[in-house]
Structure formats: C-alpha cells, structure tokens
Amino acid sequence: MFTPVQCAPRNVPIAMKVAVKAQLDKYEANGHMTSVTEPTDWISNMVIVKKTEKLRVCIDPKHLNQALKRSHYIMLTLEDVLYKLPKARIFTLVDARDAFLQCKLDEESSFMTTFWTPWGRKRWLKLPFGVSVAPEVYQRKQHELLAWLKGIEPIADDVLIIGCGDTDEEAERDHDVTLPALMEHCRSVKLRLGLKKLQFKVKDVHCHGHILSAKGLKPDPDKVRAILDMPNPSDAKGVQRLIVFANYLAKFMPHLSAVCEPLRRLLDKDTPWHWLPKHKAAVQEMKSLASSVPVLRYYDVTKPVTIQSDSSQRGLGCCLMQEELQSMLLTLQNYSLKVIYKPGPEMYISDTLSRATAQCTDRGTAYQRQAICSLQQEQQDVQQINQADYLNVTDHRLAQIRQHTDKDKHLQSLKSMALAGWPYLKEETPFTVREYWTFRDEIRVQNGFLFRGQKVIIPKSLRPEMLTRIHSSHIEGDACYRQARETLYWPNVQAEIKDFVSNCTTCNEYAHEQQKETMMSHELPTRAWQIVSMDLVLLSVAEYLLIVDHYSDFWEIELLPDLSAEMVIKRCKAQFARQGQPDKVITDNGPQFTAQFKRFASEWEFDHVTFSPRHPKANGKAESTVKIAKNLLSRAVGDSNDPWKAILQWRKTPTENMDSSPAQRLLSRRLKTTIPIANKLLEPCVMVGVTDKLRHRKQLAKCFYDWTARDLPELEVGETIRMKPLPGDHTGLWRLGTCLQRVAPRSYLVDVGGYLYRCNRVDLHVAEQTNQNTRYTHLDELDHSPGLRV
C-alpha cells in the first residue's frame with residue numbers, strides 16, 4: 001500500500017509562462033483537463049516538453065507511477081507484424097492524433113492525476129502523458145478497436161494499412177478496400193487520426209526505424225550512415241575505441257578476429273604510430289560488417305531496453321541496443337527504466353560515435369533541415385535570455401554581486417569548471433567546487449553571474465548580508481528558506497538560514513511556546529491507595545482539598561477553613577487514618593506543600609513528589625479530577641440538589657472501559673443509593689485485572705498524545721537559556737538566564753536576573769549564541785541567593 005504524495009510545486013521559466021498558460025487553456029477548452037479546488041490526495045508536478053511547433057504539457061508522476069497497478073498488456077512491436085507481410089506490396093501509415101487524450105478517465109483516476117501549475121491545481125480528464133500505465137491502456141483500447149480488421153496492423157499509436165497480392169494491381173485493389181473500411185470504422189468509434197505523419201499508398205514505408213517494402217525489411221539508410229561515414233582513427237585510443245566497439249557486436253560479425261588483426265598490432269607496447277593502407281582496409285571491412293543487416297535489422301523484444309549515449313566537443317552519439325523510442329524525454333516517463341551512469345570510455349558504441357562524427361555532405365531531407373534550424377533557433381533564443389534581467393534587484397546590487405563573485409576564489413573555480421566541462425568522476429573535481437557536483441548540470445555562467453537554474457549563486461562575502469535581509473521580518477526559519485530558495489543559492493543555505501534564525505536575539509526574546517513533549521506517565525499502581533495526588537479547589541468562595549487515588553479514581557474532597565499548611569496536613573491525616581498511608585503523594589509546589597508538609601511526609605513515611613511550577617500537566621490526575629469535581633458540584637448546586645448525593649452517584653457509576661466503579665476498585669463493594677439494587681450485588685467482591693486495564697488505558701492515551709509530540713534535548717548545567725514569561729508579565733519577553741541544576745526529569749533550577757526559578761523543560765529554550773558573559777551561580781551559593789521563585 002502506497003501513501004499518497006503531494007509534491008512541492010516547481011517554478012515555470014518566466015519566458016515560457018505565456019505559452020504554457022495558452023496550452024493549458026487550450027487543453028481545458030478541449031475538455032482534456034479541468035481546475036481543482038477541493039483537497040486531493042495526490043499532487044504531481046508539471047513537465048513541459050517543447051516540440052517543434054507546440055508545447056506538450058505532461059505530468060511527472062514519479063511517486064504516482066510506483067502506486068499504479070499495471071494492466072500488463074503486451075506491447076506489439078514491428079517484429080510482431082513482419083511475419084504477416086510476405087505478399088505486402090502497398091503501404092499506408094497513419095498515426096492517432098493526440099493518442100492518449102482520446103481515452104477518458106473515471107473520476108477517481110482523474111483526481112489522482114492532479115498536478116501543480118502557476119495558476120492553481122488542475123487534473124486530467126483524459127489519459128495524460130507521463131503516466132506509466134498509459135501506453136498499455138492505449139494499446140489495449142486501440143487493439144480492441146482495430147485488431148480484428150483485415151489488413152490493419154496497429155503498432156503503438158501508428159496504424160499500418162497493408163495491400164497484399166501477387167501483383168501490384170492485386171495489392172492496390174486490396175489496399176483500396178482496406179483503407180476506406182478503416183476510415184469508416186474510425187468514424188464510428190470516434191478515433192481521430194492525424195495527417196502530419198501520413199505516408200499514403202507507397203511501396204517503401206518508413207516505419208519505426210526501418211523501411212518496409214515488397215522486397216522485405218531494410219535498415220534506414222540515415223541510421224546506417226553515421227557508422228559508415230566514421231573517419232579513420234587518428235591515434236591509438238581511437239583504434240582502441242573502434243576495436244572495442246566491434247568486439248561488443250562480435251557475434252554478428254564473421255571473421256572479426258582476422259579483420260582486426262592489423263589494427264591490434266597498432267596497440268602493441270612501444271609500437272610507433274603509422275597508419276598504412278592495410279589499416280584503412282581493415283577499418284572499411286569492419287564498418288561493412290558492423291553496418292550489415294544483422295546489426296540493425298531485428299532485436300529481441302523480451303530483453304530490457306538499453307540506451308547508450310555520450311557526447312564530446314565534436315558531437316553527440318547514441319546507440320539504441322534493443323527498442324527504439326520516438327521521443328526521449330516524453331517516452332521515458334512512460335517506462336520504469338533503471339538509468340545507470342557509466343564513464344565515456346565504457347560506453348563503447350556511443351562514445352565512438354560521438355568522437356567520430358560524420359561530416360554532412362549534403363543538405364539532407366526537408367525534415368532534417370527543419371530539425372537543425374529549429375535546434376539552432378532554440379539555442380539562439382536561450383542565449384538571448386539574460387537571467388539577470390529577471391532578478392528583481394537594482395543595478396547597484398547587480399554590480400555588487402558581480403564584483404564579489406569576481407573576487408570569490410571558489411566561485412571563480414566553479415565558473416572555470418562550468419565553462420570548461422566537468423570531469424567524469426567526482427573525485428577528479430577540485431575540492432573547492434566538489435559540493436556543487438550533484439547538480440553540476442544546472443550550473444550556468446552568464447554576464448559574470450553564476451546561476452543554479454533560476455537561482456543566483458551568492459558569493460561568500462555577501463552571504464551574511466543576504467541572511468540579514470532574508471530574516472529582516474523575523475519570520476521563522478522554514479519560512480525564510482521558502483522565501484530564499486526561489487532566487488538565491490549557496491551550499492548549505494538551508495542550514496545557514498536555520499542557524500541564523502536560531503541565533504536571532506529578537507526572535508528568541510519573542511519566541512513561541514515550544515512543542516509539547518511526549519507523555520511521561522507515573523508508575524502504575526498495583527493496589528488501591530498506593531499512589532494519590534492532591535490539589536486545592538476553589539468552589540464559589542470556599543477552598544477545598546481534593547485527594548484522588550490513581551488505582552481506583554476514587555476521590556475525597558475536604559473543606560479548608562484556611563489555606564495554612566497545618567490545616568492541609570490535618571485533613572490529610574483524617575483521610576489517611578480512614579484509607580491508610582499511601583506510598584507516594586504527588587502535589588504542586590504551593591506554600592502548603594513545602595517544608596512543613598515534607599516533615600509530615602517523613603513522619604508518616606510516604607514519598608512526597610512535586611513537579612515544576614506552572615506546569616499542571618505533570619499532575620494530570622489531580623487536574624482532571626478537579627475538572628470533574630467542579631463540573632459535578634456546580635451542576636448540583638445549580639439544580640438545588642445535595643452535592644454529596646451527586647458525589648455518591650459518581651462514585652458508584654462504572655468507569656468506561658473498566659467494568660467497575662471507583663467504589664468497587666477501592667472498597668471492593670458497590671455503594672447503595674436511592675436507585676433500587678439487589679442485595680446480592682451489594683456483597684463484597686474484589687476486582688481483578690484492574691492493573692492490566694489501567695495499563696491499556698495509559699498506553700492508549702500515550703499513543704494518541706505522543707502523535708504530535710517530541711522530546712526536547714536535555715539542558716546542560718551552566719548552559720545559557722531563556723525562560724518563558726511569568727504569569728502577569730505582559731512584555732512577552734523570554735528572559736536570559738543560566739541553568740544551574742537538573743532537579744528532576746524535565747525539571748530544572750535556573751538563575752534569571754539574580755532570582756532562582758524551577759521550570760519545566762518546555763518553559764526553557766537554549767539561548768542564542770552571544771558574546772555576553774552571564775554570571776553562573778554555584779549551587780553552594782543557593783542559600784545566600786535572593787530567593788527561589790516558583
């Protein structure tokens with residue numbers, strides 16, 4: 001099961017935005033896509049493929065493709081059709097216009113194709129380019145529509161119409177019957193065909209890199225010419241590349257060892273270079289063997305696709321070893337390919353072709369001339385785009401960036417590397433620019449500036465000023481990075497922005513509350529009245545002492561005539577005399593629970609545990625019980641009922657998911673109330689399994705609470721900290737101080753402004769790095785300090 005992924009949006013080059021918007025509007029007007037406003041699980045990025053006459057908008061569903069289930073439909077190739085052509089003499093080749101966009105999507109699939117645009121999210125209503133299952137889906141639909149027609153062979157999005165016969169006249173009559181039948185059928189099923197690639201009623205048809213004719217299958221001469229016109233090697237390395245190229249295809253070349261023997265002698269150690277006629281003859285014979293039909297004719301469709309490519313200063317060489325792909329950038333989106341990098345010398349065929357490019361001896365076909373002119377025009381358009389013109393900065397700032405770039409030794413080294421070309425291996429790259437290796441293809445030099453894509457690379461001397469400008473509004477670190485990443489770049493920019501923001505004095509003074517930490521539960525009691533929590537409750541104008549048992553949830557409430565420690569201890573003694581001495585008592589740090597209460601704990605032999613002031617979550621049991629008591633008693637008083645009857649009813653009510661009431665867990669019996677009850681049910685009965693149920697309840701509560709929590713790192717003694725504003729402090733400033741002691745888990749004693757405070761970890765954060773010398777108060781001096789404030 002794959003988790004839906006919502007990718008971050010990418011920028012569209014400013015120079016292309018108008019054309020992209022027009023194409024999106026066209027797609028939307030034609031019913032191919034629509035806008036999305038509701039939340040969607042999947043959001044992919046947009047990919048723009050610039051073709052000769054138009055733009056093609058695709059999606060980049062890298063994560064979506066991993067989650068899609070393939071239909072596993074067999075994709076037919078040219079070899080699957082050849083056995084049907086023994087009598088073929090006349091051919092017509094047409095292709096489906098916008099093939100994928102003729103397949104409608106259901107609503108669920110449509111929402112999965114949601115993608116980002118600069119003008120909001122959109123989703124495809126038709127099958128989009130880029131989805132890995134698209135070729136199989138379209139091939140299946142096209143075969144269902146056309147495969148049953150006689151003389152019709154659908155291959156990918158092409159449709160081959162075949163005229164068969166023993167003579168040209170018979171083949172022409174057969175063709176003239178088949179083609180109208182196809183046209184009529186396409187009209188009935190609404191399959192649209194294109195005129196652009198039409199080859200009508202010809203005897204030699206160019207189809208998928210080959211030529212089909214009445215005489216059989218022939219290789220495309222244009223594809224063979226690159227090998228036949230390779231110049232002779234000019235040095236030993238050139239010979240070595242040529243021999244390696246030939247050896248790679250040795251099984252297709254008879255007598256290869258004998259043919260290559262003269263060339264191998266040129267590679268012998270200490271052999272001087274002399275190019276002789278016998279070497280030239282060997283190369284010609286080798287080219288004849290390498291370019292023969294067995295090399296370019298058929299390939300095994302059961303083997304994986306392998307594309308080898310390499311470039312040099314003189315040309316680009318590509319060799320397709322298995323299956324021919326019509327459009328590299330677009331079609332790669334439709335396949336799950338594993339791309340492996342290899343150095344040029346190991347790419348035997350493509351490296352040889354790129355370093356031994358053929359000279360153009362004629363003007364070529366009209367299509368070739370158009371392609372070359374289009375490529376040259378595109379290069380000129382790119383060269384005319386000045387990236388600096390799109391930076392929203394003043395001329396003075398541009399001059400300053402250029403000046404500091406010229407003085408930065410590392411950036412000058414990077415500029416030289418970008419202009420001269422990067423080495424094959426990262427280890428061969430100078431150490432000063434090695435950190436740019438990962439995205440070396442994005443580095444560009446223009447008018448003295450260095451760019452990574454659309455981002456200007458900032459020299460080291462200007463980075464402190466840029467950090468100050470980025471954080472001028474004192475927004476949080478992630479927001480600062482989101483603002484900067486669109487236009488600025490330097491190595492480790494995100495970490496430096498985060499570090500700069502974390503050391504901002506203003507931001508630390510006006511810090512937000514920290515992330516809550518994971519739940520730290522008290523130990524689990526195994527019997528009643530083993531662990532109890534206490535707190536003071538204010539109801540109307542009276543103060544009460546509330547004591548709750550962690551095992552049974554049973555609570556007692558006592559009126560306090562005054563708030564002295566003596567009165568609290570007196571009420572505790574009465575309860576302990578009734579229920580027994582507990583092992584542990586948990587309270588806050590109120591004045592009633594200080595030195596005098598500690599002496600009482602020592603006399604009655606129980607542990608007294610306190611928690612950090614202003615952190616009631618540490619005594620969550622008492623806090624939640626106080627809410628229950630206040631709510632219960634307030635309703636009773638408001639309804640003019642006896643509050644003690646309300647307490648009695650609560651004590652006898654079974655607790656959710658516990659199958660027993662607080663009274664049953666504490667007293668091992670049910671309590672009698674005004675509600676009729678059988679005498680048998682009032683008999684004593686010890687509750688079993690209580691500890692296991694308490695454990696399950698705590699684990700469940702901790703699981704949900706910890707979902708959005710994380711632990712903060714512990715503070716070191718002597719570390720400079722900032723303390724959360726105290727209640728009543730309306731300045732909102734987190735004040736500087738020093739950590740003196742770790743009192744308990746997540747509880748620290750700190751010195752702030754000469755006063756001592758006990759604080760929980762969430763109320764303290766590590767201060768920014770400053771040059772200020774903060775006086776550390778030694779623990780031995782605590783007795784002489786101005787006082788401990790809580």
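Which side chains meet in a salt bridge at 3.1 Å, N to O, with K201 as one partner? The other partner is D176. By salt bridge I mean a side-chain nitrogen of Lys or Arg within 4 Å of a carboxyl oxygen of Asp or Glu.

Before going on, a note on the model. It is a predicted model, in which local features need pLDDT of at least 70 and side-chain atom pairs count only at pLDDT 80 or more, while totals for chains, interfaces and linings use all residues. Residues are numbered from 1 along each chain as its sequence is written, and side-chain values use heavy atoms, with hydrogens and water left out.

Back to the salt bridges. The structure holds 31 of them. D176 lies in helix α6 (residues 168–189) and K201 in strand β8, so their pair ties together parts that are 25 residues apart in sequence. Helices (H or I, at least four residues) and strands (E, at least two) are DSSP runs, numbered from the N terminus. D176 is partly exposed at 36% relative accessibility, and K201 is partly exposed at 29%. On that scale, buried means under 20% relative accessible area, exposed means over 50%, and partly exposed is in between, with a 1.4 Å probe and protein chains only.

Next pair: the side chains of R527 and D583 meet in a salt bridge at 2.6 Å, N to O. This one links distant parts of the chain, 56 residues apart, with R527 in the loop between α20 and β18 and D583 in the loop between α21 (565–579) and β21 (584–587). R527 is partly exposed at 37%, and D583 is partly exposed at 35%.

D659 is exposed, at 64% relative accessibility, whereas K693 is partly exposed at 29%. There is also a network: salt bridges that share partners join D553, K621, R665 and R697.

Now strand β8 again. It covers residues 193–202 and contains L195. L195 is exposed, at 71% relative accessibility. Together with L198 and F200, L195 forms a nonpolar patch on the surface, with about 330 Å² of accessible area in total. Patches are made of residues with over 30% relative accessible area and no salt bridge; like charges are joined within 9 Å, and nonpolar side chains (Val, Leu, Ile, Met, Phe, Trp, Tyr) within 5 Å. The areas come from the Shrake-Rupley method with a 1.4 Å probe, and for residues only the protein chains shown count as cover.

On to helix α24, residues 643–652. Which of its residues are buried? They are A646, I647 and R651. These residues cover an arc of only 135 degrees around the axis, which puts them on the same side of α24. The arc is that of the directions from the helix axis to the C-beta atoms. Their cover includes β20 (555–560), α23 (620–638) and α25 (662–667). At the start of α24, a side-chain oxygen of D642 comes within 3.1 Å of the backbone nitrogen of W644.

L64 is in helix α2 (residues 62–67), and L64 is buried at 3% relative accessibility. Not counting residues up to four places away in sequence, L64 touches W42, S44 and M112; contact means heavy atoms within 4.5 Å. L64 and Q6 are 58 residues apart in sequence and 9.8 Å apart in space, C-alpha to C-alpha.

T429 is in the loop between α16 (409–420) and β14 (443–446). T429 is buried, with a relative accessible area of 2%. Leaving aside neighbours within four places in sequence, T429 is in contact with W422, P423, R434 and W437.

Last, the backbone. Most residues other than glycine have a negative phi. N492 has a positive phi, near 60 degrees. N492 is in the loop between β17 (488–489) and α19 (493–502) and is exposed, at 56% relative accessibility. Phi of W529 is also positive, near 60 degrees. W529 is in the loop between α20 (505–509) and β18 (531–539). Is W529 buried or exposed? W529 is buried, with a relative accessible area of 2%.

Key
A polar contact is a pair of N or O atoms within 3.5 Å; within protein, one must be able to donate a hydrogen and the other to accept it, and residues adjacent in sequence count only if both atoms are side-chain atoms.
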